[in-house]
Amino acid sequence: MNSSDHLSRRTLFWLLLTNIAVLLPLYDKITVATLGICAICFIWRLGIYLGKVSRPPRLLVTLLALSAAITLALVSREMGLLNALINLLILGYALKYIEARIRRDVLAIILAGYFLIALTFIDHQGMGNVLLLLPVTAINTLTLVSLYRDDCSAATQSWLTVKLLLQSLPLTLLLFIVMPRFAPLWMVPQLKSASTGLTDEVGFGDISRLTRSSDLAFRATFDGPVPPPQALYWRALVLEDFDGKHWQQAPTTKALQHKVNLLKPNRTPPKGNSRSYRVIAEGSGQQWLFAIGNAFSDTQGVFNLPDYRLYAGRPLQQKFQYRVQQYVDAPLHEEPLSDAERERNLALPSSVNPRTRALAQQFVTAYPQPEPRLDAMMRYFNQQPFFYTLTPPVTGPQQLDDFLFETRAGFCAHYASAFTFMARASGVPARLVTGYQGGEFNADAGYLSVYQYMAHAWSEVWLADRGWVRFDPTAMIAPQRIEQGFDSLFAPQDSYLAGTAFSGIRSSAWYNQLRLRLASLDYYWTVWVLGFNGERQQQVLRGLLGEITTTRIAFLVLGVMALIFIIIGYSAGLIALPTRQPQLDRDFRRISRLAARKGVIRATGWGPKDYVQQLIQHWPEQQTQLTEWRELYLQLKYAKLSPVTQRITAKRFHRLTAQLWLQLLRTAPRATDESTPATLSATHR
């Protein structure tokens, strides 16, 4: 091994630290088997650093690689193709790490580390994760610097790392502004189910699980006033099939969603009053989006489904921003209900919940017209002793019968299911809708945050002259849940925060203020950085270049690249900027140039002593001043003076310079010998 390939002990230390820093942000992607192999590699490398073990045998590395590959092949279908590929890269990184012995091996590890950092950013683009990845990138770069500058101290290596990162900023900004906004190439289809949020099948306990989660679902910013809480019903899923226990999407709806990119469903936006808002949905692995009422979106990649929902063309693996136009006065269905739709929204399984069916028939007898009947059903939940709770009692096979006549305790899914069932049993088409209700308003940034614990279920009933109309029986039992938000209904120890580390301080003002401030920073990051789409890119380029042309973009790129080369050249010492001459030399040259123009002196290129001697010969009346001026110059230039003496001497020198300057100005020019130029060289000894 060449001496140039020798790895210093400091490089080995940074290599240990880099391994932990790079892999730590990928904790949610690493499988147990991958984690075990990474731990073996790290422990072995630590032993090499401490001098306890030597380089591992080739057979061990080969066995680890084979076992890892076989394990990934077996579990790749469950974990998803993209996660399997990420784990494969992590294993390659760890196995290369354990056998690194020369500079080329470490360089490969560092480059793989940069790739893993980029993968982490692609998967988690929040501001907090970016702040975490900055020191990780710095540590990886520090390892690279120590690999080639192992003769420097740790402080010098750290400073070189900072310089390298700062020098990369102009190029980073240039690529961010100029590069076209392509569709994400990393969105490899996932084979596993969605990661979080609502599902297309709802039972009695499903919404309850979401009410225990404080994860962010989406954020919305309205162009005008924010609607009141009781109007914030964010539709996500329409469930029309009921098997006695679960509500599901209709097969026709599932088929349409499955082929949405081929069929490209769309509908004409209605006319009338509308409000505009922007939604930033969090990555959930699902495709349904969130909107209020009769909504329409013209954002690329968003489809307007016939059931008045918004649907994304691909699963949301990361934050996704889209604009919505809500038509406030437009109904959810302007055309008559088809026979197939009517039949589907009246269907009920036979021999289930007979007592609920009988109750529905009582409402039919008492209220022959649909609207009074539905109003009476809503009042029924208010008049009977029902309770809203997140921990309802267990029900038997006849779920709705047990709930309506025995337990009478539940949450939104219970009440919406019971109301929808009774409406269908009474002959009125009805369906279950799930989504979110409400939102937390952030006054500092002016947006609404909707969390998973705000998940909600309600009913939509078909009325011939009004289309699909929303009925929410939960509002009859717990109106504060709708009007004031979910937080007003429960104490922290009883709600979604139960069992979390912050359940005790959630109600404190300082904690909420800090939480909202941090959320505002993350929101601005999402809007201005992650929301930098093609349209905003064009706006920025027009602001920089005016008219966007290929020539102007090329000049912008060349200008930034030239700036980068100048910065690098100056840092490397290849380019030296002109330095300002000291005041002492400027005063000396000032007198010298003026004397040359006046013809007082004829020779050039002399030092101060000979120069002043020539001035005395041509200007004998100023001998005393010139001699003192020269001595003061030499003292200031070469002598080591105390600060006080330095100031006094400099003051006297500048005063004499001013006097000589004025006297020279009043001196008449003398005739010059044509054979001797009356100019002064720019240099003097």
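**View 1. The five-stranded sheet.** An open sheet is built from five strands in the order E7-E3-E14-E17-E18, with antiparallel pairing. Helices (H or I, at least four residues) and strands (E, at least two) are DSSP runs numbered from the N terminus, and two strands count as paired if DSSP finds at least two bridges between them. Strand E7 (291-292) and strand E18 (467-471) stand at the edges, each with a single partner strand, so one side of each has no neighbour in the sheet. Strand E14 (residues 430-437) and strand E17 (residues 455-463) run antiparallel and are joined by seven bridges. Within this pair, Leu-432 stands opposite Ser-459 in E17. The model is a predicted one, in which local features need pLDDT of at least 70 and side-chain atom pairs count only at pLDDT 80 or more, whereas totals for chains, interfaces and linings use all residues. Residues are numbered from 1 along each chain as its sequence is written, and side-chain values use heavy atoms, with hydrogens and water left out.

View 2. H15 lies across E14, E17 and E18 and runs at about 15 degrees to E17. Axes are lines fitted to C-alpha atoms, for helices over the stretch in contact, and angles run from 0 to 180 degrees between N-to-C directions; contact means heavy atoms within 4.5 Å. Helix H13 (residues 370-383) and helix H15 (residues 412-425) pack with their axes 11 Å apart, at an angle of about 145 degrees. Their crossing is right-handed; a crossing is given this name if the near helix is turned clockwise from the far one by less than a right angle, and is left-handed if anticlockwise. On the H13 side the contact is made by Leu-374, Met-377, Met-378 and Phe-381, and on the H15 side by Tyr-415, Ala-418, Phe-419, Met-422 and Ala-423. By class, the residues of this contact comprise nine nonpolar, no polar and no charged. Here Ala, Val, Leu, Ile, Met, Phe, Trp, Tyr, Cys and Pro count as nonpolar, Asp, Glu, Lys and Arg as charged, and the others, Gly among them, as polar.

**View 3. Helix H12 against H15.** Helix H12 (residues 354-366) packs with H15 at an angle of about 60 degrees, the axes being 8 Å apart. The two helices H12 and H15 are therefore oblique to each other; angles under 35 degrees count as roughly parallel, over 145 as roughly antiparallel, 65 to 115 as roughly perpendicular and the rest as oblique. The crossing of H12 and H15 is right-handed. Thr-356, Arg-357, Leu-359, Ala-360, Gln-361 and Phe-363 in H12 meet Phe-421, Met-422 and Ala-425 in H15. The contact of H12 with H15 holds six nonpolar, two polar and one charged residues.

**View 4. The three-stranded sheet.** Three strands form an open sheet in the order E1-E5-E4, with antiparallel pairing. Two bridges link E1 to strand E5 (residues 247-248) in the antiparallel sense. Val-202 stands opposite Trp-247 in E5.

**View 5. Strand E11 and its partners.** Strand E6 (residues 274-281) and strand E11 (residues 320-327) pair in the antiparallel sense over eight bridges. Ile-280 faces Gln-321 of E11 as its opposite residue. Strand E8 (residues 295-296) also pairs with E11, in the antiparallel sense over two bridges. The bridge partner of Phe-296 in E11 is Gln-325.

**View 6. Helices H1 and H2.** The axes of helix H1 (residues 9-23) and helix H2 (residues 32-50) come within 10 Å and cross at roughly 165 degrees. H1 and H2 are therefore roughly antiparallel to each other. H1 passes H2 in a left-handed crossing. In H1, Arg-9, Leu-12, Phe-13, Leu-16, Asn-19, Ile-20 and Leu-23 meet Cys-38, Phe-42, Arg-45, Leu-46 and Tyr-49 of H2. The residues of the H1 contact with H2 divide into nine nonpolar, one polar and two charged.
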